[in-house]
Amino acid sequence: MTGLPHPALDLTLELLESLTPWRSDASDPARQRDLAAWLEQWLVDEVEARVVLPVADQPLTSPPLVHARIDVGAAVTVVLYNRYDVAPAAPEGWEVDPFLGGVRHWPQWGDVFIARGAQKHKGPLAGMLMTVRELWQNGLLHVNLEIVLEGEQACGSATLRRYLAQASCPIPPAEAVLFPAFCEQEGGVPRVYLGFTGMTQGAVRVKGGDWGGPRSAIDASHAAWVASPAWRLVEALNAIAPAQANGVLETRPLDVEAAEWLDELAQQCNPEAQLGQNARLALNASAYEALAHLLGSAVLTISELKTASGGQDVIAPEACAAFTLRTPPGSDPQALLARLRERLMLPDLVGAELHCGESYPGMRFSAEEPGVMELLMSYQQQQARAQIWPWSPECAPASAFAPVAPAFVMGGLGSGGNACGVNEFITLKGLARFQRSLRDWLLCF
């Protein structure tokens, strides 16, 4: 049994189909703003929410926050956090237009909804909103809700972090913060995360100059004479994050509590299977060792490499590598960045500069904090036993909510796959499971 009547599922799909056409990735701030305004109005119209931070009053220079409040006069307040930004998508390889979406039947999964953002995160967002609507309309909402939606989760959550860091936090003290998500990844064991990895955005740039690189583009026929900023960039990247280490800068030992959770997790998790068919594990290790390496490592991942050349037969005067530094709880991103800058100042890498953008640290919390037990109970009501991770290898701005609640929980039943890839999908059965688990979580308070 799904636990949801078909009309409720149909209404959720209608909302998801309405959200899908917005190409709300970071390259299109105008559409992000339009979607944020649409979501804000939906909350006002459908659940009579009070807008705390109007989209129209926010600067045009960044994706706006949606912050709305549903006050039912309860003694307990909880926060629902989600995101409306998605990854870009080209139509090649998709069974449907990624920004129209559609239902298809796959033998392995049954009926699925395919679209960009289906799993991350418009599917969970639509399911969350319709669950709140159902509880509110039926008089079953017995907690006050603070609903916060952002459009920068993939690139550092700058607006959200500054908003919550105000001297007087705009969200009142809450019992818990939930980031609803489909946590039965690829149909696997449902997960609960007791923390999150931190994120730092940045770039390494090399410009031509006195060290030998050209100050303006020069014909590549002179390559044997002229030092190349692109080759200097490759040298710089390998110097600060050696390729043979996959960009790992340090690996911290796990504390006693995290190690205990990992002991149990290692018996349930197959790292090779988790990677799927598109990649292979880069180290020869036991399941425990592989998981400890994954969770404990601060790692530099390269998201983009480019040169300002203007053509194939040109030596470019500038080369740039955009990166994300992912840091586990307890790792100091600023200390790591200082170490990288020190290395780039050595004579053999003159011309290479480190530029940093948005940054927040990793954060973890105890399984005893409010919200965690309620999440486990919501799984159990659908006969699901959670796989508990000390923290997630994915980045989320949990630290921003420290002034609001003692825990930032990510969870929810429901399966999907190909997140941020071609034919990203969620199962319709999983969507129903997700909504029921969120409903049960809210009713636990």
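I began with helices H6 and H8, and noted that their crossing is right-handed. I keep in mind that this is a predicted model.

**H6 and H8**

I looked up the geometry next: the axes of H6 (residues 256-268) and H8 (residues 287-296) come within 9 Å and cross at roughly 130 degrees. That angle makes H6 oblique to H8. For the contact, I listed Ala259, Leu262, Asp263, Leu265 and Ala266 on the H6 side. Their partners in H8 are Ala287, Tyr288, Leu291, Ala292 and Leu295. Sorted by class, I got nine nonpolar residues, one charged and no polar.

**H2 and H3**

I then turned to H2 (residues 29-47) and H3 (residues 122-137), whose axes come within 10 Å and cross at roughly 20 degrees. Angles under 35 degrees count as roughly parallel, so H2 is roughly parallel to H3. This crossing is right-handed. From H2, I wrote down Leu35, Leu39, Trp42, Leu43, Glu46 and Val47 as contact residues. H3 brings Lys122, Leu125, Leu129, Met130, Val132, Arg133, Trp136 and Gln137. The class tally for this contact is 10 nonpolar, one polar and three charged.

**Cavity search**

How many cavities of 30 Å³ or more are there? I found one. The volume of the largest cavity is about 40 Å³. Which residues line the largest cavity? My list reads Met363, Phe365, Ala398, Phe401, Ala402, Ala405, Pro406, Ala407 and Phe408. I checked the classes of this lining too, and they came out as nine nonpolar, with no polar and no charged residues.

Definitions and conventions:
Residues numbered from 1 in each chain as written. Predicted model: local features only at pLDDT ≥ 70, side-chain atom pairs only at ≥ 80, totals over all residues. Heavy atoms only, no water. 1 Å grid on protein atoms, 1.4 Å probe; cavity = no way out; pocket = protein on both sides within 12 Å on 5 of 7 lines; lining within 4 Å. Points joined across faces, edges and corners; volume = space filled by probe spheres on them. Nonpolar A, V, L, I, M, F, W, Y, C, P; charged D, E, K, R; others polar. Axes fitted to C-alpha atoms, helices over the stretch in contact; angles between N-to-C directions. Helix = DSSP H or I, 4+ residues; strand = E, 2+ residues; numbered from the N terminus. Parallel < 35°, antiparallel > 145°, perpendicular 65-115°, else oblique. Left-handed = near helix turned anticlockwise from the far one by under 90°. Contact = heavy atoms within 4.5 Å.
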